[in-house]
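This briefing concerns the packing of helices. Two packed helices are described by the angle between their axes and the distance between the axes.

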Amino acid sequence: MSNQPTLEEMLREIEQIAATLEQNTVSLEESLQLYQRGAQLVAQSRTLLENATLRIKEMQQ
Amino acid sequence: MIRVLALSELATLLGTLLRDPLLADIWLEAEIASVSTPASGHWYFTLKDDTTSIRANCWRVSAMRLVLPAVGAKVRVHGRIDFYAARGEVQFIIDDIVDVGLGLAHAEYERLKRKYQGMSKQRPLPAFPRRIGVVTSRSGAAWHDVQATLQTRFPCVDVILAHSSVQGEQAPAELVNALTGLYAESVDVILVVRGGGSYEDLVAFNHEDVIQCMLRSPVPVVSGIGHEIDYTIADIVADYRAATPTMAAMAVTPDQRDIWQHVANLQATLAFHMQSRLNERTQRLDDMQARLLRAAPAQRITAYQQQLDYAALRLQQTIQQRMSRTQASLDHLVAQLDALDPHAVLKRGFALVRNRQGEIVRRVDMLTHDDTVTIQFNDGQRTARITEES
């Protein structure tokens, strides 16, 4: 659970990837790798949203 | 003799006792602890003072001509005592109400309100909380509402319930305990929520211990206590005041429909930029290919060949021109020569006359009588003699 990025982290990374692609400062191979990473994160975000159920814990006092 | 009473007999007995004229026409001075005004038009109150509380009703016929007192108002009510057998309760039937100013509890509320006004830190709420702490009763409607709202809006979150009773004497201490517990749980935000209730039900959220504890929170606190109209001191010191528990849950979570939309937009943006990059590269590749082809040796040889062919053609044309010009002057010369050729004259019918010496006779005096001459025609010659005397 701990090494799984949160939705917020994933969304932020996709935004960064989109910005990098937009700036056009990386090689084509890097662009493709970035795009693949972005697409993977999009799919992961979707899965996370689809499967999300509230995790509830009651604090012991 | 021992008598055993049925409950209904007791009720009848109490009813009879309470119909004493002493209790049928009295004024009470009390504070309005709670008010309920259902559609029937009757008013139901809880009246209290420092030590006692009693239920009171004001039937519609009386209520119609009275002004509804606010919770916390200190009033004098007129009416009679009644026994409500179904619940075994003594109640006061009001037929008149006189306001005697704000009650003490309300005065205390006003004092705390002034004291804590403007002390909300108003810290920004997390856009994507990971852990949400909730302080409320595990059996309350508020807890149910918060769970339902979080599940619908943003289910990818950990929720930690810190149970506390939310009304009654022990509530302030339990609220402090629950809050303090959550401070050690590294949550991103804390909701302090409770469903609607009377003013009296909400007093725990006006307790100074609770208020002080909320102000010590290391993370933003969102209050959602009672209904829209209820305003507790906890609402004043919270970083954000939501009108209800549901709205408190909404305040700390993004709507997953927005996230879906955001993800879709990001995906489209990624695809667009990738396509642009690919298009640019393809364009550049095409340009490079064209440049490369122009620079290729085969291409240059072809260019030289073309140049050579052109040069050869020009050379040929020049020579031809010169040759035909030579031919023309030759033809001209031949024509001139032809014109000078005596045979050409002979063809036209002239004849050449030569003397015996072969000289061309140009004048008459070159010949005398009996001279023999040769007459040359175009196609041959004849010999002739001059017969006439000169």
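Predicted model: local features only at pLDDT ≥ 70, side-chain atom pairs only at ≥ 80, totals over all residues.

Helix α2 of chain A takes part in both: α2(A) packs with helix α9 of chain B, and helix α1 of chain A packs with α2(A).

**Packing between chains: α2(A) and α9(B)**

- Helix α2 (residues 28-51) of chain A meets helix α9 (residues 256-295) of chain B at an angle of about 165°, and their axes are 10 Å apart.
- Because angles over 145 degrees count as roughly antiparallel, α2(A) is roughly antiparallel to α9(B).
- The two helices, α2(A) and α9(B), cross in a left-handed sense.
- On the α2(A) side, the contact includes A:Leu28, A:Tyr35, A:Val42 and A:Leu49; on the α9(B) side, the residues include B:Ile259, B:Trp260, B:Leu270, B:Arg277 and B:Arg281.
- By class, the residues of this contact comprise eleven nonpolar, five polar and three charged.

**Packing within chain A: α1(A) and α2(A)**

- Helix α1 (residues 7-23) of chain A packs against α2(A) at an angle of about 150°, with 9 Å between the axes.
- The helices α1(A) and α2(A) are therefore roughly antiparallel to each other.
- The crossing of α1(A) and α2(A) is left-handed.
- From α1(A), the contributing residues include A:Leu7, A:Met10, A:Glu13, A:Ile17 and A:Leu21; from α2(A), they include A:Leu34, A:Arg37, A:Leu41 and A:Leu48.
- The contact of α1(A) with α2(A) has twelve nonpolar, five polar and two charged residues.

**Residues of α2(A) in both contacts**

- Among the α2(A) residues that meet α1(A) are A:Ser31, A:Tyr35, A:Gly38, A:Val42 and A:Ser45, and these residues also belong to the contact with α9(B).

Key. Residues numbered from 1 in each chain as written. Chains lettered and ligands numbered in written order. Axes fitted to C-alpha atoms, helices over the stretch in contact; angles between N-to-C directions. Helix = DSSP H or I, 4+ residues; strand = E, 2+ residues; numbered from the N terminus. Parallel < 35°, antiparallel > 145°, perpendicular 65-115°, else oblique. Left-handed = near helix turned anticlockwise from the far one by under 90°. Contact = placed C-beta atoms within 7 Å. Nonpolar A, V, L, I, M, F, W, Y, C, P; charged D, E, K, R; others polar.
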